[in-house]
Amino acid sequence: MITRKILKVTWTKDPQQAPFPGVYAAVDISARYQKADRFCGYLVLYQHRSGGDFEVMREEQNFIDNTTAEKMEEQQSRIALDQAWAALAVNCPNYEPDVP
């Protein structure tokens, strides 16, 4: 891993749209890896109303590895690569571009 940023942590208790009552934490993440400059995602953690450990309720990871990015840029264009990444990154709350 080259860098990882926790972009934002959002805490909520008993949200109406949630499947169960309890405490939820959404953790928004971006990262750069040796073989993937473009990575973003989030975790949603859940703690039952009565307490106890948090469990992962949802995880999303979006990335384009560098080999795929290079091929896309060669075979299509940098604009096509940027558009593909933008389409994936829209699923990452609070994402901040950090691509070379």
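# Reading the labels in this structure

Q: What makes E2 largely enclosed by the rest of the structure?
A: Nine of its twelve residues are buried, so strand E2 is largely enclosed. Buried here means under 20% relative accessible area. Keep in mind that this is a predicted model.

Q: Where does E2 sit among its neighbours, and how many bridges join it to E1 and to E3?
A: Ten bridges join E2 to strand E1 (residues 3-13), and eleven join E2 to E3. Both pairings run antiparallel.

Q: What joins E2 to E3, and which residue takes a positive phi in the hairpin of E3 and E4?
A: A hairpin of two residues links E2 to E3. The hairpin of E3 and E4 has six residues between the strands, and there glycine 51 takes a positive phi near 100°.

Q: Which positive phi values belong to residues that are not glycine?
A: Aspartate 14 has one, about 50°, and so does asparagine 94, at about 65°. Most residues other than glycine have a negative phi. Aspartate 14 is in the loop between E1 and E2, and asparagine 94 lies in the segment after H2.

Q: Are aspartate 14 and asparagine 94 buried, partly exposed or exposed?
A: Partly exposed is the range between under 20% (buried) and over 50% (exposed). Aspartate 14 comes in at 29%, so it is partly exposed. Asparagine 94 has 38%, so it is partly exposed as well.

Q: How far apart are lysine 8 and asparagine 94 in sequence and in space?
A: They are 86 residues apart in sequence and 7.0 Å apart in space, C-alpha to C-alpha. Lysine 8 belongs to strand E1. Setting aside its neighbours within four places in sequence, lysine 8 is in contact with Ala26, Val27, Asp28 and Asn94. Its relative accessibility is 42%, so lysine 8 counts as partly exposed.

Q: What makes the pair of tyrosine 24 and tyrosine 46 an aromatic pair, and what is the geometry called?
A: Rings pair if their centres lie within 6.5 Å, and these two are 4.9 Å centre to centre. Stacked needs planes under 30 degrees apart and edge-to-face over 60; with 45° between the planes, this pair is tilted. The pair links distant parts of the chain, with tyrosine 24 in E2 (residues 22-33) and tyrosine 46 in E3 (residues 36-48), 22 residues apart. Both tyrosines are buried. Ring pairs also link Phe20, Tyr24 and Tyr46 into a cluster.

Q: Why is the pair of tyrosine 33 and phenylalanine 39 called edge-to-face?
A: The ring centres are 5.3 Å apart and the planes meet at 80°, so the pair is edge-to-face. Tyrosine 33 has a relative accessible area of 28%, so it is partly exposed. Phenylalanine 39 has 11%, so it is buried.

Q: Why is H1 called oblique to H2?
A: Helix H1 (residues 66-75) and helix H2 (residues 78-89) pack at about 135°, with their axes 7 Å apart. Roughly perpendicular ends at 115 and roughly antiparallel starts over 145, which makes H1 oblique to H2. Ala69, Met72 and Glu73 of H1 meet Arg78, Ala80, Leu81 and Ala84 of H2. Those residues divide into five nonpolar, no polar and two charged.

Methods: Residues numbered from 1 in each chain as written. Predicted model: local features only at pLDDT ≥ 70, side-chain atom pairs only at ≥ 80, totals over all residues. Heavy atoms only, no water. Axes fitted to C-alpha atoms, helices over the stretch in contact; angles between N-to-C directions. Helix = DSSP H or I, 4+ residues; strand = E, 2+ residues; numbered from the N terminus. Parallel < 35°, antiparallel > 145°, perpendicular 65-115°, else oblique. Contact = heavy atoms within 4.5 Å. Nonpolar A, V, L, I, M, F, W, Y, C, P; charged D, E, K, R; others polar. Phe/Tyr/Trp six-rings, centres within 6.5 Å; stacked < 30°, edge-to-face > 60°. Buried < 20%, exposed > 50% of the residue type's maximum accessible area, 1.4 Å probe, protein only. Pairing = 2+ DSSP bridges.
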